[in-house]
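Welcome! Please take a look at the structure below, and then let us walk through a few of its features together.

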Amino acid sequence: MVWLAAAVGLAVSVGIEQRLHPRPHLMRPWAAWALHGGLWLLAFAVVTLATARPWFAAVSVAAFLLTLVLVSNAKHRALREPFVFQDYEYFTDAIRHPRLYIPFLGWGKFVLAVLGFVLAVTLGFLGESVPAERFAITGQLGGIVSMLLAGAFLVVAGSRQPIAVSFDPERDLVALGLLASLWRYAEAEGQRPAVASPFDALAPEVDTGELPHLVAIQSESFFDPRPLFAGIRRDVLAQFDRTRAEAVSHGPLKVPAWGANTVRTEFAFLTGIDADGLGVYRFNPYRAVATGWDVPSLASFLKCLGYRTVCVHPYPASFYRRDRVYPQLGFDEFLDIRAFAGAERFGPYVSDAAVADKIAAILAQATGPVFVFAITMENHGPLHLEKINPGDTAALYTGPPPASCDDLTIFLRHLRNADGMIATLRRQLAQCRRPAGLCWFGDHVPIMPAVYGALGAPAGTTEFLFWSNRTGRATKEKSLAAHHLAALWLRSMGLVRDRRMSR
């Protein structure tokens, strides 16, 4: 009975896997099939050992696999990337921060999935009796032991056979299947990234004189959507346009994320490391830092020059393990949501205006040079959970947008506030007695699939600009990658001479 339930469940698992987008090839390396079969048998055997109900175990493991498939498809639809092993933390994050994750799966689908899982497990558990020979070596126990040995053998055999992975999640999913690609990505975490930060080799070398204040803003989902629809009012980004016209440099920014995964752009900016050199850690570089990878950063470099380094992020510090990561990256202080008690909110999150006020207070109290890195939250989705207000359309458009563009209206409402934040910071920095520079950039484009379906998808680049209170109209447009951003900003502020940092 144990082997029959396992065989049926294993066959069902292949059918479930074929519901993935993109769909895995059935013609794949034997080692990938060995990993698929071995992992399935091990999971099935463990549940059977615990419950003595093999058909219940088959249904439970199948239900879990189906959940992974649904989550992967939802992620691919929203972020153009399937589920990878490094995403497992999002399951616990979804419990602690449900608003950030579950709406992208869909509350209806989520509830149906939970109810279906509970119903299947309940019926399977109650509908199957425990056999009398449960612990007989010639009965169920013997079957379970043999299955554990077979599963372990398959996993070991599949692991010993080299299976090349590209760390392109779509390509690896199609080539290897879900379980094998998850296993290979998990194995790859055993090796730390073998790439150095450009800040590792750069010796502090600056002109004598007063060090400038430095403010870097990673603006949530900031990009210029006006090329998507001619009916968007130009003045939605009036302050950005004004500051860009006076910027030292500006242009499109190539970022290693689409729709989410803010830390990828964040890490690239702070460390100067290209995602291509991170291997499996490209999906969440902070996992490596949090477990002891000592990597120099912009913050640690500036700290060596005598800067006080402060990170501002109006969200819990534990999210993405930033509470552990930021001290290692060289930040003296991390102001998280606890520093914004009673602060203004615009929508569900702390407003960009409140973050700008916090930065202004830091600058006003500074007795020496300060570097402030702020990660905003106001424009964080899910956008479709917010409601359009009366007057939004008239305030944001010259003509009505297509019916499927409600998310765009919500996005523009927050984007206008980000534009106001630029004006506040520009004004504050202009009043500084010492030199001061602003680096502004977006982390990724927002998740708006219906909007992109109606208007066309953007290229995926965001915007950046460098502005200084000591520089006139010497604007220079260029295209940059996120990992080159900090180096060029420092050079524009006269803090480094080494041109190797931006190659």
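A residue is called buried when its relative accessible area is under 20%, exposed when it is over 50%, and partly exposed in between, using a 1.4 Å probe and protein chains only. This is a predicted model, in which local features need pLDDT of at least 70 and side-chain atom pairs count only at pLDDT 80 or more, while totals for chains, interfaces and linings use all residues. Residues are numbered from 1 along each chain as its sequence is written, and side-chain values use heavy atoms, with hydrogens and water left out.

Let us start with Trp55, which is partly exposed because its relative accessible area is 32%. You will find Trp55 in helix H3 (residues 54-79); helices here are DSSP runs of H or I with at least four residues, strands are runs of E with at least two, and both are numbered from the N terminus. Together with Met1, Leu4, Val8 and Val12, Trp55 forms a nonpolar patch on the surface, with about 460 Å² of accessible area. Helix H1 (residues 2-17) gives the most to this patch, with three residues.

In the loop between H2 and H3 sits Ala52, whose phi is near 65° although Ala52 is not a glycine. Ala52 counts as buried, because its relative accessibility is 0%. In the loop between H3 and helix H4 (89-96) sits Arg80, another non-glycine residue, with a positive phi of about 60°. Arg80 counts as partly exposed, because its relative accessibility is 45%.

Now look for two cis peptide bonds. One joins His21 and Pro22, with omega about -5°, and Pro22 is found in the loop between H1 and helix H2 (30-51). Another joins Gly381 and Pro382, with omega about 5°; Pro382 lies in the loop between strand S7 (370-375) and helix H17 (392-396).

Which setting does helix H12 have? With 10 of its 10 residues buried, H12 is largely enclosed by the rest of the structure. Among these buried residues are Arg264, Glu266 and Phe267. Just after H12, Gly272 takes a positive phi of about 75°.

Conventions: Patch = residues over 30% accessible without salt bridge, like charges linked within 9 Å, V, L, I, M, F, W, Y side chains within 5 Å. Areas by Shrake-Rupley, 256 points an atom, 1.4 Å probe, with all protein chains shown as cover. Salt bridge = Lys/Arg side-chain N within 4 Å of Asp/Glu carboxyl O.
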